[in-house]
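Please read them with the structure open beside you.

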Amino acid sequence: MNGAQLQERARLIALAWETEHFGFPVARLAAQDLDDDAVQNELEHAYRQKTRLVVVICPQPRFLPQELLARFAGSLTDQKVTFARALGADVAAGVDGTIGEFTATEPTAELIDLAVASGVYSRFNVDVRFPRPLFLEMYRIWITRSVRREIADVVLIDRDESCPGGIAGFITLAVSAGVGKIGLIAVAEQARERGIGRRLMAASHRWMLDHGARETRVVTQLTNKPACALYERSGYAISAVENFYHFWPLAGAGDA
Ligand SMILES: CC(C)(COP(=O)(O)OP(=O)(O)OC[C@H]1O[C@@H](n2cnc3c(N)ncnc32)[C@H](O)[C@@H]1OP(=O)(O)O)[C@@H](O)C(=O)NCCC(=O)NCCS
């Protein structure tokens with residue numbers, strides 16, 4: 001392999017965590033500086049390397065051609081949208097009485113169910129080729145590590161005894177370098193569209209401001225209309241949109 005080929009290969013990055021947890025080789029490709037032919041070269045290489053899943057990321061408005069999708073068993077699985085807002089004087093002082101911290105260090109079964117519900121629009125659930133048990137496990141790990149404070153600083157819940165496990169909704173938060181990040185959020189199905197999402201967002205803004213954040217970000221999918229409405233109504237504006245494709249080269253025609 002010559003120097004130019006090596007450089008080309010470096011575009012395809014092996015994803016260690018995903019490869020270990022999913023049990024098959026996963027790689028990602030940032031396609032912003034690559035034309036369609038270069039993306040095709042990388043997918044051919046992935047096929048030869050027997051990489052099972054390749055995640056290709058294109059900033060909007062770039063979309064990949066249908067023939068590439070057909071040849072390498074690809075699909076647009078996520079139009080990932082990042083929302084952002086500043087935190088300042090307009091953040092309410094008080095926090096709603098039914099909202100408080102989830103203090104246990106293990107999630108309840110009902111909290112795990114809500115965590116899974118927060119991922120229904122995620123590319124790991126939308127992609128029909130992605131094994132469902134792995135999607136469920138990913139969100140179980142996510143909420144477990146959040147309540148243990150490994151990947152979140154706090155988990156807030158809205159208590160309501162009429163909801164499963166007494167939880168009407170939850171949200172996970174982390175603050176770093178003045179930026180607050182919302183990880184997971186969901187409201188119990190029977191309690192939706194009653195303002196609980198708005199109240200959880202307001203409580204989160206207060207918590208993040210009190211813990212040093214001056215701005216906040218949250219990621220969702222353009223197809224998740226309720227979540228997009230919630231964030232817009234909570235004072236956020238879109239800061240970026242990226243198209244995430246999943247390619248399964250071994251399931252397509254590969255480099256034929
Ligand atoms: C997204 C979610 C948390 C919203 O919670 P909620 O308690 O139903 O939201 P609210 O009642 O506070 O509504 C907030 C705003 O969004 C709007 N909204 C809520 N659901 C909506 C829907 N299905 N369609 C359109 N707008 C909707 C509301 O009208 C409201 O706007 P308004 O204040 O102008 O009336 C909830 O739908 C949910 O749990 N979804 C599944 C999990 C999920 O997708 N989580 C997001 C992961 S990024």
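1. Of the 256 residues of the protein chain, 46% count as buried, where buried means under 20% relative accessible area, exposed over 50% and partly exposed in between, with a 1.4 Å probe and protein chains only. The accessible surface of the protein chain comes to about 12500 Å², 51% of which belongs to carbon and sulfur atoms; such areas come from the Shrake-Rupley method with a 1.4 Å probe, and for residues only the protein chains shown count as cover.

2. This is a predicted model, in which local features need pLDDT of at least 70 and side-chain atom pairs count only at pLDDT 80 or more, while totals for chains, interfaces and linings use all residues. Residues are numbered from 1 along each chain as its sequence is written, and side-chain values use heavy atoms, with hydrogens and water left out.

3. The protein chain has 9 helices and 10 strands, taken as DSSP runs numbered from the N terminus (helices H or I, at least four residues; strands E, at least two). Its radius of gyration is 20 Å, close to the 18 Å that the globule rule gives for 256 residues, so the chain is as compact as a globular protein of that length; the radius is taken over C-alpha atoms, and the rule is 2.2 Å times the number of residues to the power 0.38. Along its principal axes, the C-alpha trace spans about 65 × 35 × 30 Å.

4. Which elements supply the shell around the ligand? Strand S8 (179–187), helix H8 (196–210), strand S9 (215–221) and helix H9 (225–233) each supply at least two residues, and H9 gives the most, with 6 residues. In total 21 residues surround the ligand, the closest being Glu 193, Gly 195, Gly 197, Arg 198 and Arg 233; a residue counts as near if one of its heavy atoms lies within 4 Å.

5. Oxygen atoms of the ligand lie 2.6 Å from a side-chain N or O atom of Arg 198, 2.8 Å from one of Asn 224 and 2.8 Å from a backbone N or O atom of Val 187. Taken alone, the ligand exposes 930 Å², and the protein buries 77% of that.

6. Leu 87 sits in the loop between strand S4 (74–86) and strand S5 (99–101) and is buried, with a relative accessible area of 5%. Beyond its neighbours within four places in sequence, Leu 87 is in contact (heavy atoms within 4.5 Å) with residues including His 205, Met 208, Leu 209 and Thr 216.

Note on methods
Polar contact = N/O pair within 3.5 Å; in protein donor to acceptor, adjacent residues only side chain to side chain.
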